[in-house]
Amino acid sequence: MKKGILIAAILSALNFSQVLACSIDGKSGFLPENNYRIAVDDKMAGDMTKEKFIALIDKVNAVYKPIVEKIAGKPFIINRRWDDDIVNAYAMQWENDWRVTMYGGLARHPLITDDALMSVLCHEIGHHIGGFPKALAGKHWAVNEGQADYFSTLKCMRKVLVND
C-alpha cells in the first residue's frame, strides 16, 4: 500500500511540475510576470560595471561557445544588453543560431554578485544543452527550469571556475 502511495505522489509531483514550469519565452508560468527594471544610472544598483558585465560573460563564453556550437552545429551567440534595464535573461533557438540574452538590469541588481551573474548565464546555457527533462514534457527544445539549475551549478560553473 505504501509503495502505491509513493508512486502516486511521484507521478503527481511530475505532472504538477509541468504545470508550474515557466514558458519558453519566460513571460508566463507560476510566478507573476517580471516587470522589474534597473536603469544604468539607478542609485540602488549594485557595483556591477559594463566592463565587468562583459568580462564575466566573456569568461563563460570562452568555455561554452565551442561546446554549444559542437552540439548545435550552429553559431552560439550571447547578446550582451548592458543598456537594457530589464531584470532577466533568456535562451532561444533562432533559425540559424542558438542564443542567450543577458540584460544589464539583472546585472545591476544589488544582490547579483559576479558568480550569480555567471550562474544565470550557465542556467540559460543549460536550457540549450542541459539534458533531460525537457520543458513541456519533452516536446520542446528547452531543458526545464530545474534541469537548467542543475546544469548551471553542477556542470557549467565547475567548468568555468576550475582554475579560480
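Helix α2 (residues 50-72) bends by about 45° at Tyr-64, and a proline, Pro-66, follows within four residues. The bend at a residue is the angle between axes fitted to the seven residues ending there and the seven starting there. Helices (H or I, at least four residues) and strands (E, at least two) are DSSP runs, numbered from the N terminus.

This is a predicted model: local features need pLDDT of at least 70, side-chain atom pairs count only at pLDDT 80 or more, and totals for chains, interfaces and linings use all residues. Residues are numbered from 1 along each chain as its sequence is written, and side-chain values use heavy atoms, with hydrogens and water left out.

**Overall layout**

The protein chain has five helices and three strands. Along the sequence they follow the pattern α-α-β-β-β-α-α-α. Of its 164 residues, 33% count as buried. Buried means under 20% relative accessible area, with a 1.4 Å probe and protein chains only. Residues 24 or more positions apart account for 55% of the contacts with a separation of 6 or more. Contact means heavy atoms within 4.5 Å.

**Helix α2 and its partners**

The buried residues of α2 are Phe-53, Leu-56, Ile-57, Val-60, Asn-61, Tyr-64, Val-68 and Ala-72. They pack against β1 (76-81), β3 (98-103), α3 (104-107), α4 (114-129) and α5 (145-160). After α2 comes Gly-73, whose phi is positive, near 70°.

Helix α5 also has a kink, of about 40°, centred on Ser-152.

| Helix | Bend | Residue |
|---|---|---|
| α2 | about 45° | Tyr-64 |
| α5 | about 40° | Ser-152 |

In α5, the buried residues are Gln-147, Ala-148, Phe-151, Ser-152, Cys-156, Met-157 and Val-160. These pack against α2 and α4.

How do α2 and α5 pack, and at what angle? The angle is about 105°, with the axes 9 Å apart. Axes are lines fitted to C-alpha atoms, for helices over the stretch in contact, and angles run from 0 to 180 degrees between N-to-C directions. The two helices are therefore roughly perpendicular to each other, a term for angles of 65 to 115 degrees. Lys-59, Val-60, Val-63, Tyr-64 and Ile-67 of α2 meet Phe-151, Lys-155, Cys-156, Lys-159 and Val-160 of α5. These residues divide into seven nonpolar, no polar and three charged. Ala, Val, Leu, Ile, Met, Phe, Trp, Tyr, Cys and Pro count as nonpolar, Asp, Glu, Lys and Arg as charged, and the others, Gly among them, as polar.

**The core**

The largest nonpolar core has 32 residues. Such a core is a set of buried Ala, Val, Leu, Ile, Met, Phe, Trp, Tyr and Cys residues joined through side-chain atoms within 4.5 Å. Phe-53, Val-60, Met-102, Leu-117, Leu-121 and Ile-125 have the most contacts inside it. Two or more residues come from each of α2, β1, β2 (89-93), β3, α3, α4 and α5. The largest share, seven residues, comes from α2. Leaving aside neighbours within four places in sequence, Leu-121 is in contact with Ile-57, Val-60, Ile-78, Val-100 and Met-102.

**Two loop sites**

Trp-82 lies in the loop between β1 and β2. At 8% relative accessibility, Trp-82 counts as buried. Not counting residues up to four places away in sequence, Trp-82 touches Val-40, Met-48, Thr-49, Lys-50, Phe-53, Gly-104, Ala-107 and Arg-108. Trp-82 and Lys-50 are 32 residues apart in sequence and 6.4 Å apart in space, C-alpha to C-alpha.

Pro-133 is found in the loop between α4 and α5. The peptide bond from Phe-132 to Pro-133 is cis, with omega near 10°.

How values were computed:
Buried means under 20% relative accessible area, exposed over 50%, partly exposed in between (1.4 Å probe, protein chains only). Angles under 35 degrees count as roughly parallel, over 145 as roughly antiparallel, 65 to 115 as roughly perpendicular and the rest as oblique.
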